[in-house]
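Biologist: I would like to learn how to read helix packing and a nonpolar core. Where do we start?

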Amino acid sequence: MERERQFTIDTIEDLNRLYRIDTKCRFVTLIDITDNPRTYTTEQSQIGYYAIFVKVPREGSVMLTNGQGDSVVATVTMYAPGDFVRHVEKELSEYKKIIGLFFSPTLLSGSTFGRHFSEYTFFQYNREESLMLGSQEEDVILAIFSRIHDELLGEEDRNTLHILTDQIKLVLDYCLRYYDRQLANRHNQNYQIAQQFLQNINLYFNNGTAKQMGVPTISYFADLAHTSPGYFSDIIKKETGVNIKKYLQYKIIEAAKQLLMATDKPINEISEWLGFKYPQHFTRLFKHEAGMSPRDFRKQRK
């Protein structure tokens, strides 16, 4: 039984050591958890690497479709460095197979892959927002896993890391495609979430919530929708075509302009009403977005 000291697993080498696997590459490993389960005294561990788990449920345990009429035959969950991950061995009663692909954040440093990594927003999703795969989709992901496995078994040479990186990127690109499909298939549900958000953001400024809670954050509205901030942001982008961070800034400036034109409130009071702790932060944002200071804007409109 593993001791409490395993609560934090920092590196790929630490992970391989835990599973008694030889480290072929200190940046990447692939582990079939089903064939090599471990026993823990802790419920979860904090990790220092990226993790992608493909989980194949036991027959009859999951009665869902992926929105295209295909039965869900596997799910994919992702985690980022710093996340606390529940030990998947505890789920083997529900799943007949669990395979994990793990890679170090060092793999991203100074690479084109790393510069575009923020596109893979699903690493910020909750476990409940897992990707659901149909049969063909599962085959695609597991085929790439198989190639990674074969590469890790071979002799390392100057091309190994490049090939592994390309295969990991391919996994993530397919997951991005399949998540696009999943979001599109949930249009009716996501449309309601987007419409509620548009109402909530107006209420946020009109009923004094901003003054009480501060400038609006994605997390606040994601909590109202019972989703993770990353998933919520992607829903809003999918349904409205708008980047949510830019939209929140736009709504702040829109509310500020209305107050500047319709009231004689001092700018410090307007800043406080909109949730800014420091008036200079409000003035700086307003000038950046509107092209002039709040004072100059008011003068032009009076």
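Modeller: Start with one contact, meaning heavy atoms within 4.5 Å. H187, N190, Y191, I193, A194 and F197 in α5 meet F232, I235, I236, E239 and T240 in α8. This contact's residues divide into 7 nonpolar, 3 polar and 1 charged. The model is predicted: local features need pLDDT of at least 70, side-chain atom pairs count only at pLDDT 80 or more, and totals for chains, interfaces and linings use all residues. Residues are numbered from 1 along each chain as its sequence is written, and side-chain values use heavy atoms, with hydrogens and water left out.

Biologist: How is the geometry of such a pair read?

Modeller: Two packed helices are described by the angle between their axes and the distance between the axes. The axes of α5 (residues 187-206) and α8 (residues 229-240) cross at roughly 95° and come within 9 Å. α5 is therefore roughly perpendicular to α8 (65 to 115 degrees).

Biologist: At what angle do α3 and α4 pack?

Modeller: About 170°, with the axes of α3 (residues 135-153) and α4 (residues 160-185) 10 Å apart. So α3 is roughly antiparallel to α4 (over 145 degrees).

Biologist: And the core: which residues touch the most other members?

Modeller: In soluble globular proteins, nonpolar side chains tend to be buried together. A core here is a set of buried Ala, Val, Leu, Ile, Met, Phe, Trp, Tyr and Cys residues joined through side-chain atoms within 4.5 Å, buried being under 20% relative accessible area with a 1.4 Å probe, protein chains only. In the largest nonpolar core, of 70 residues, they are V28, I52, F103, F123, I148 and L172. Helix α9 (residues 244-262) gives the largest share of this core, 9 residues.

Notes
Buried means under 20% relative accessible area, exposed over 50%, partly exposed in between (1.4 Å probe, protein chains only). Helices (H or I, at least four residues) and strands (E, at least two) are DSSP runs, numbered from the N terminus. Axes are lines fitted to C-alpha atoms, for helices over the stretch in contact, and angles run from 0 to 180 degrees between N-to-C directions. Angles under 35 degrees count as roughly parallel, over 145 as roughly antiparallel, 65 to 115 as roughly perpendicular and the rest as oblique. Ala, Val, Leu, Ile, Met, Phe, Trp, Tyr, Cys and Pro count as nonpolar, Asp, Glu, Lys and Arg as charged, and the others, Gly among them, as polar.
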